[in-house]
Amino acid sequence: MTDSHPSDVLWLSDLHLNLVEASLVQEIVEKVAATNPRAVLITGDISDGLRVTKHLRALSRAVNAPILFVCGNHDYYHSSFAQVTKRVQALCERNRNLVWLTRMGHVELSATTCVVGHDALGDGRTDSDMDISDFLWIKDLAELSHEDRFKLLRARGEECRKHLAEVLPPALARYEHVIVLLHAPPFAEASRFRGRPSSRESLAHYLCASAGEAMWQASIAHPRADIHVLCGHCHYGADVAIPGTNIHVSVNGSDYHHPEFRLLSLR
Ligand SMILES: [Fe+2]
Ligand SMILES: [Fe+2]
């Protein structure tokens with residue numbers, strides 16, 4: 001990571017701070033603060049459901065800039081969707097530089113650029129027998145049958161589609177550049193595992209096609225603005241232009257114990 005410019009934003013993904021030593025958490029928080037960016041963007045898997053508010057609070061106290069974030073699947077681990085939602089919302093009300101985009105419209109970064117976002121977890125659109133750890137550690141999913149888990153994943157995907165269908169058009173009408181923060185990639189082209197495209201089975205959990213649908217529609221209606229999607233979840237990096245659209249998807253490759261930071265310059 002190099003020194004920031006006043007127009008830079010810092011993008012972090014998949015920090016998984018619950019998995020690193022307390023001293024390293026402190027080091028990471030200080031490193032983020034020392035970059036002095038215009039804003040910090042976080043694309044989920046910050047921690048787990050028991051510690052996500054503690055880790056967001058530490059970032060909020062150290063960083064003198066807005067922290068715009070979405071949660072990832074791990075941010076609900078050892079807890080439930082409703083419990084984490086309640087705690088994260090309450091934290092954002094007390095710490096005004098924390099902004100959970102899943103619950104917000106667009107946020108302006110400059111006269112020409114704004115940010116929108118949603119948790120956008122894997123939305124179970126393809127059939128899959130994969131047994132993933134979400135089914136064990138997210139209470140809502142652990143309690144359900146296979147069929148009902150997929151119903152819930154798809155229902156949450158639909159919530160994501162509706163949110164983006166609502167917040168994207170006004171953002172695209174007003175700004176030349178719209179950054180979209182998601183946890184899972186919205187298009188299969190950007191979902192990769194060990195350098196190869198994700199298998200059809202794993203796309204059930206490593207793709208939020210619902211987000212892609214909303215973005216595709218908004219992009220057709222607003223062909224002149226550009227949409228830059230930032231996401232994580234796969235832990236394998238990708239930079240993909242979606243053919244026939246004004247959408248570019250960047251996936252942050254991230255090591256579980258050595259999170260990567262990326263500085264992005266605003267236009
Ligand atoms: Fe992750
Ligand atoms: Fe994830």
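**Figure 1. Parallel pairing of strands β2 and β3 in the predicted model.** In this predicted model, strand β2 (residues 39-43) and strand β3 run parallel and are joined by 4 bridges. Val 40 has Ile 67 as its bridge partner in β3.

Figure 2. Strand β3 comprises residues 67-70 and is covered on both faces. Ile 67 and Phe 69 lie on one side, Leu 68 and Val 70 on the other, and all four are buried. In general, side chains of a regular strand alternate between the two faces of the sheet. Strand β4 (residues 98-100) pairs with β3 in the parallel sense, over 3 bridges. Within this pairing, Val 99 of β4 stands opposite Leu 68. The chain reaches β4 from β3 by way of helix α3 (residues 81-94), in a β-α-β crossover that is right-handed.

**Figure 3. Packing of helices α1 and α2.** Helix α1 (residues 22-35) packs with α2 at an angle of about 35°, and the two axes are 9 Å apart. The crossing of these helices is right-handed. From α1, the residues that make the contact are Val 25, Val 29, Glu 30, Val 32 and Ala 33. From α2, His 55, Ala 58, Leu 59 and Ala 62 take part. Classified by residue type, the contact of α1 with α2 has 7 nonpolar, 1 polar and 1 charged residues.

**Figure 4. The open sheet of 6 strands.** The strands are arranged in the order β5-β6-β7-β10-β12-β11, and the pairing is mixed. Strands β5 (107-108) and β11 (238-241) stand at the edges; each has a single partner strand, so one side of each is left without a neighbour in the sheet. Strand β10 (residues 226-231) and strand β12 (residues 247-251) run parallel and are joined by 5 bridges. Cys 231 has Val 251 as its bridge partner in β12. Helix α6 (residues 146-174) packs on the sheet, where it touches β6 (113-117) and β7 (177-181). The direction of α6 makes about 175° with that of β6.

**Figure 5. Strand β7 and its two partners.** Of the 5 residues of β7, 4 are buried, so this strand is largely enclosed by the rest of the structure. Strand β6 runs parallel to β7 and is joined to it by 5 bridges, with Val 116 standing opposite Val 180 in β7. Strand β10 also pairs with β7 in the parallel sense, over 5 bridges. Here Val 178 stands opposite Ile 227 in β10.

**Figure 6. The surroundings of Asp 123.** Asp 123 is located in the loop between β6 and α4 (134-137). The residue is buried, as 28 other C-beta atoms lie within 10 Å. Leaving aside residues up to four places away in sequence, Asp 123 touches Leu 153, Arg 154, Arg 156 and Gly 157, together with Cys 208, Ala 209 and Ser 210. Asp 123 and Arg 156 are 33 residues apart in sequence, and their C-alpha atoms are 7.0 Å apart in space.

Technical notes. Residues are numbered from 1 along each chain as its sequence is written. Chains are lettered from A and ligands numbered from 1 in the order in which they are written. This is a predicted model: local features need pLDDT of at least 70, side-chain atom pairs count only at pLDDT 80 or more; totals for chains, interfaces and linings use all residues. A residue is buried if 20 or more other C-beta atoms lie within 10 Å of its own, exposed if 12 or fewer, and partly exposed in between; C-beta atoms are placed from the backbone. Helices (H or I, at least four residues) and strands (E, at least two) are DSSP runs, numbered from the N terminus. Two strands pair if DSSP finds at least two bridges between them. A crossover is right-handed if, with the strands pointing away from the viewer, the path from the first strand over the helix to the second runs clockwise. Two residues are in contact if their C-beta atoms, placed from the backbone, lie within 7 Å. Axes are lines fitted to C-alpha atoms, for helices over the stretch in contact, and angles run from 0 to 180 degrees between N-to-C directions. A crossing is left-handed if the near helix is turned anticlockwise from the far one by less than a right angle, and right-handed if clockwise. Ala, Val, Leu, Ile, Met, Phe, Trp, Tyr, Cys and Pro count as nonpolar, Asp, Glu, Lys and Arg as charged, and the others, Gly among them, as polar.
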